[in-house]
Amino acid sequence: MEELAELGHLLVFAFLFFFSNFMVGSVITDVTMEALCPGRDACSLAIYLTGVQQAVTGLGALVLTPVVGNLSDRYGRKALLALPATASIVPLGILAYGRTRGYFYAYYVTKTLTSTVCEGSMMCLSLAYVADRVPEGRRAVAFGVFTGVCSAGFVASTIAARFLPVSTTCQVSAVAAVVTAVYMKAFLQETDGGASSCKSDEEASQPLCLPSSSSEELSPRLPPLRKAPSLSEIATLLTSSSTFSTAAVVTFFHGLGEAGLLNALLYFLKAKFHYSKNQYANLLLIIGIIGSFSQLTVMPALVPKLGEQKLLIIALIASCGHAFLYSIAWSFWVPYLAASFVILSISVTPCIRSIISKKVGPFEQGMVQGCITGISSTANVISPLIFTPLTAWCLSEATPFYLKGFSLACAGFAMLVALVTSISMRPAEVQPDRK
């Protein structure tokens, strides 16, 4: 694909970013326990601090990501990508220098603050960058390839962390974060807000380059904002188009179920099958490897034949299927089988992102991608509040029925709501608006 050559530096940047940030993820539990509760196998303080961090990060991303996305429409994607690339260095540098109680608290505070900017903004800005460079007809494939490269970064970081001691892992992660920021600054080229995708005669014929209108619905054309968008402006954007409204509902319920599944799964596997650290790592590697393979090979083959809407429905069916299969797992190997469903389920997010990117103009990509990321962050905040106590109740002796995976089944029902909503989307809604 010609566009992927233009996106080469962005793909390298994304790989390095996820490699540096996820490398610490596999050891942070041991670091936290050693700093707060040395010599103990359980620590309620660590659990509560992690929950608070997730909630604050999700709320911050909900507010800040649409703002950062909108600012990138005005000042450029590269200028705003420098923010998460640089901010992520600080907490990793603290952890690389020391991991005692004092250093841990310094890491915890800075990580909580920087994650509000880094976690959501990096993804939405990168996807807006892809939308700037790639014509809409091939945008879904490009989104899938980008997501696959991010998954590859996760896989590489997990493998590296398994063979490195904790101290070396933290140091390598910090050095990789510095390399990421330097590479982005030196090699990533700025876009011109999407106009670059309209330079050739062939690409100029693409609907993205034209003012939007349709017999079905008018695309919401946002005027250039002189200030950060308010929540009311974001709500107006999401409700002014049936496409956006449907995408918002699908994103929320899929995110709610996905986050609930991830929060409950490890506790479920520990309680029912006594999974160890290595088995968790093996499961994560299977998910990462299959996800990367799917986004780099399977999705590019399916999108031209099926289209985004049909592939979205298939991916949501796979999401429901693997959640329900986890919930009724009867042997230790069943979760590995369920993990293979990610070959289709991982396409949910790229399909949604591609659908909404076609409904707005080139100077609004950052705003809409940021809004969708904010909705996903909202689901990530609400999900632990629901599924954490539900999982604890299901795994306790107080439950009136024996179904340890009931919370996983509830996550599957949340994804089922997203599936039903996506089926109700009319085919015309996922097509570009034409003048």
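Predicted model: local features only at pLDDT ≥ 70, side-chain atom pairs only at ≥ 80, totals over all residues.
1. Start with helices α5 and α9. Helix α5 covers residues 77-87, and helix α9 covers residues 166-187. Their axes come within 10 Å. The crossing angle is roughly 170°. Angles over 145 degrees count as roughly antiparallel. The two helices, α5 and α9, are therefore roughly antiparallel to each other.

2. Now look at the residues where this pair meets. From α5 come K78, L81, A82 and A85. From α9 come A177, A181, M184 and K185. By class, the contact of α5 with α9 has 6 nonpolar and 2 charged residues, and no polar ones.

3. Turn to helix α2, residues 8-23. It has 16 residues, and at 1.5 Å a residue it should span 22 Å. The expected span uses one less than the number of residues. The end C-alpha atoms of α2 are 22 Å apart, so the model agrees with the expectation.

4. Which residues of α2 are buried? They are L10, L11, F13, A14, L16, F17, F18, F19, S20, N21 and M23. What covers these buried residues includes α5 and α9, along with α6 (89-97), α7 (101-133) and α8 (139-163).

5. Last, find T57 in helix α4, which covers residues 44-75. Is T57 buried or exposed? Its relative accessible area is 7%. Buried means under 20%, so T57 is buried. Leaving aside residues up to four places away in sequence, T57 touches T112, S115, T116 and E119.

How values were computed
Residues numbered from 1 in each chain as written. Heavy atoms only, no water. Axes fitted to C-alpha atoms, helices over the stretch in contact; angles between N-to-C directions. Helix = DSSP H or I, 4+ residues; strand = E, 2+ residues; numbered from the N terminus. Parallel < 35°, antiparallel > 145°, perpendicular 65-115°, else oblique. Contact = heavy atoms within 4.5 Å. Nonpolar A, V, L, I, M, F, W, Y, C, P; charged D, E, K, R; others polar. Buried < 20%, exposed > 50% of the residue type's maximum accessible area, 1.4 Å probe, protein only.
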